[in-house]
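My notes follow below the picture.

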Amino acid sequence: MLAHNNSDGHLVVAPDKFKGSVSAAGAAAALTDGLRSATSRPVVPFPIADGGEGTVDMLMTAGFSPVTCAAVDPLGRPVEMVYARSGRTAVIEAATACGLGLLRGCGPNRATARIATSLGVGMALRDALARGVDRIVLGIGGSATTDGGAGLLVGLGARLLDEYDDPVYPSAAELPHIRSIDLSGVDRGLRDVELVVACDVDNPLTGPDGAAHVYGPQKGADPETARSLDRALVHWADIVTAHTGQDRRGAPGMGAAGGIAFAMAALLGARVAPGIDLLLELGGFPALLDGAALVIVGEGSLDEQSLRGKGPVGVARQAHARGVPVVAVAGRSTVGSAETQSAGIGSVYTLAELEADQTVSMRNAVTLLNLIGATIARDRFGELGSRHP
């Protein structure tokens, strides 16, 4: 770790969303207001995401421009989606076309788990290609789909054909009917574009640790539906393997977003990379560490899953490597101090310490985050940094 002596530096506020309570941008604003009420030090809000919900917002905060395009939602209904662009780089958030939130009251359930498609994500990729980008980053958290990325391929112009050479609708329920893949309709310019999948999970495509069994339940699948989805993905992986000559189903991360990562990597040559590290680089976060006195990270629940490299821990590790102290704010924390210290986090503040009732805490998250921001400023800098001795 590099030595860090910038005791008079600025503060960087880099939380993820507090799920079900406040967005990453809202959490950053609340903590920033609290800090500024108790210190005269410069405070820089930098809300984060690791590929899922909030990814596009994160990059637009960091200077990317919004691009609107026509797509379809997980059930095939027309939807306008927005992705981010800077120069010749486009960043697309899969959840804005196939996310759980787009089911709008009709799911998730067993039916939507079977018919949800990633078609709209492919349409967004096609739109970015038409606008002349040469790098596309796809963030793939929060999807409602388990179609193995079949929909994405069709959105790009591919044809998935049955035994009669008729097109197959790209949903999980229809995967078993696919007998061949025709990529001739996919824009040849895709070969010259760098494709990167921002992914924060390491699940394979199929099997007990795969997309259907691990993530199917949150998408509405009961145990029998999950088994059916997994069988469909096994068939799809067999078809893709026959087409490419390589079997990628067992590689880490291939089960992300119901298999979108699998289709991108196996058929389009995409690189799969840790979401938070990639997005921090794109957003210019490393430069914010120059001269920083403290980094504040946060999310709704700081737990074992967080320690596997999710957003806040990814930020903490980068800051720690540069010698910048880090504190975390969470709705609740279920990990011990030894574990947080090893992740580069010096201390943890929780909303639960201020309000034990989780329902009340979530409802009043902005107020509690504001109070914690002020507390952090006083704890870390005392009267020397305080506007209110």
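A reminder to myself before I start: this is a predicted model.

I went through the phi values and stopped at D165. D165 sits in the loop between strand 7 (159–161) and strand 8 (180–182). Its phi is positive, about 65°, although D165 is not a glycine.

I then found A257 in the loop that links helix 8 (223–244) and helix 9 (260–268). A257 also is not a glycine, and it has a positive phi of about 55°. Is A257 buried or exposed? I looked it up: its relative accessibility is 11%, and the cut-off for buried is under 20%, so A257 counts as buried.

**Helix 5.** This helix covers residues 119–130, which makes 12 residues. I got 17 Å from its first C-alpha to its last, close to the expected 16 Å. How many of its residues are buried? Nine of the 12 are, so I noted helix 5 as mostly covered. Among the buried ones I wrote down L119, V121, L125 and D127. Just after the helix comes G132, with a positive phi of about 85°.

**Strand 11.** I found 10 of the 11 residues in strand 11 (292–302) buried. Which strands pair with strand 11? Strand 1 (10–15) does, parallel, over six bridges, and there H10 stands opposite A292. Strand 12 (326–333) also runs parallel to strand 11, joined to it by seven bridges.

Methods. Residues are numbered from 1 along each chain as its sequence is written. This is a predicted model: local features need pLDDT of at least 70, side-chain atom pairs count only at pLDDT 80 or more; totals for chains, interfaces and linings use all residues. Side-chain values use heavy atoms; hydrogens and water are left out. Helices (H or I, at least four residues) and strands (E, at least two) are DSSP runs, numbered from the N terminus. Buried means under 20% relative accessible area, exposed over 50%, partly exposed in between (1.4 Å probe, protein chains only). The expected span of a helix is 1.5 Å times one less than its number of residues. Two strands pair if DSSP finds at least two bridges between them.
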